[in-house]
Amino acid sequence: MALVDSAIVFVVSLLVGGLGIYVGARVVTGEADYTYAIVTALLGAIIWAVVGFLFGWIPLLGPLLVLLAYVAVINYRYPGGWVKAILIALVAWVATVVILYVLAVVGVGTFEAIGIPGA
């Protein structure tokens with residue numbers, strides 16, 4: 001049963017993280033493809049984990065490299081360059097925090113999502 005519960009938490013967290021990226025991309029670039037945002041969230045989470053494992057232990061530089069790698073995924077997946085990628089990531093983070101807060105208030109989930117750093 002724990003495996004099923006973990007799978008459900010993973011899927012719901014990924015959907016919430018994808019929604020955050022969708023909102024960010026929609027606001028910043030006008031892109032409106034939720035499936036594309038979910039794939040971006042999954043790729044971002046994978047890259048975040050790999051770079052975090054390899055470099056996250058380096059004080060100050062490690063977390064910066066991890067964040068840079070995450071924004072690089074967004075930059076690769078969406079048009080507009082680095083500035084828009086940073087804005088997408090920022091709006092995605094804010095949107096995800098709001099979504100998670102509302103879900104936590106109504107008792108639906110905890111305060112975390114896959115594919116959005118720090119959320």
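Author: Happy to; here is a close look at helix α3 and its partner, α4. Keep in mind that this is a predicted model.

Start with α3 by itself. This helix covers residues 61-77. With 17 residues, α3 reaches 24 Å from its first C-alpha to its last, close to the 24 Å expected at 1.5 Å a residue. Its buried residues are Gly 62, Val 66, Ala 69, Tyr 70, Val 71, Val 73, Ile 74, Asn 75 and Arg 77. They pack against α1 (2-28), α2 (34-55) and α4.

Now bring in α4, residues 81-105. Two packed helices are described by the angle between their axes and the distance between the axes. Here the axes come within 8 Å and cross at roughly 110 degrees. Angles of 65 to 115 degrees count as roughly perpendicular, so α3 is roughly perpendicular to α4. On the α3 side, the contact is made by Leu 68, Tyr 70, Val 71, Ala 72, Ile 74 and Asn 75; α4 brings Gly 81, Trp 82, Ala 85, Ile 86, Ile 88 and Ala 89. Of these contact residues, 10 are nonpolar, 2 are polar and none is charged.

Zoom in on Ala 89: beyond its neighbours within four places in sequence, it is in contact with Tyr 70, Val 71 and Ile 74. Those names come back in the largest nonpolar core, which has 15 residues. Ile 21, Tyr 70, Val 71, Ile 74, Tyr 78, Ile 88 and Ala 89 have the most contacts inside that core. Each of α1, α2, α3 and α4 supplies at least two of the core's residues. In soluble globular proteins, nonpolar side chains tend to be buried together.

Notes. Residues are numbered from 1 along each chain as its sequence is written. This is a predicted model: local features need pLDDT of at least 70, side-chain atom pairs count only at pLDDT 80 or more; totals for chains, interfaces and linings use all residues. Side-chain values use heavy atoms; hydrogens and water are left out. Axes are lines fitted to C-alpha atoms, for helices over the stretch in contact, and angles run from 0 to 180 degrees between N-to-C directions. Helices (H or I, at least four residues) and strands (E, at least two) are DSSP runs, numbered from the N terminus. Angles under 35 degrees count as roughly parallel, over 145 as roughly antiparallel, 65 to 115 as roughly perpendicular and the rest as oblique. Contact means heavy atoms within 4.5 Å. Ala, Val, Leu, Ile, Met, Phe, Trp, Tyr, Cys and Pro count as nonpolar, Asp, Glu, Lys and Arg as charged, and the others, Gly among them, as polar. The expected span of a helix is 1.5 Å times one less than its number of residues. Buried means under 20% relative accessible area, exposed over 50%, partly exposed in between (1.4 Å probe, protein chains only). A nonpolar core is a set of buried Ala, Val, Leu, Ile, Met, Phe, Trp, Tyr and Cys residues joined through side-chain atoms within 4.5 Å.
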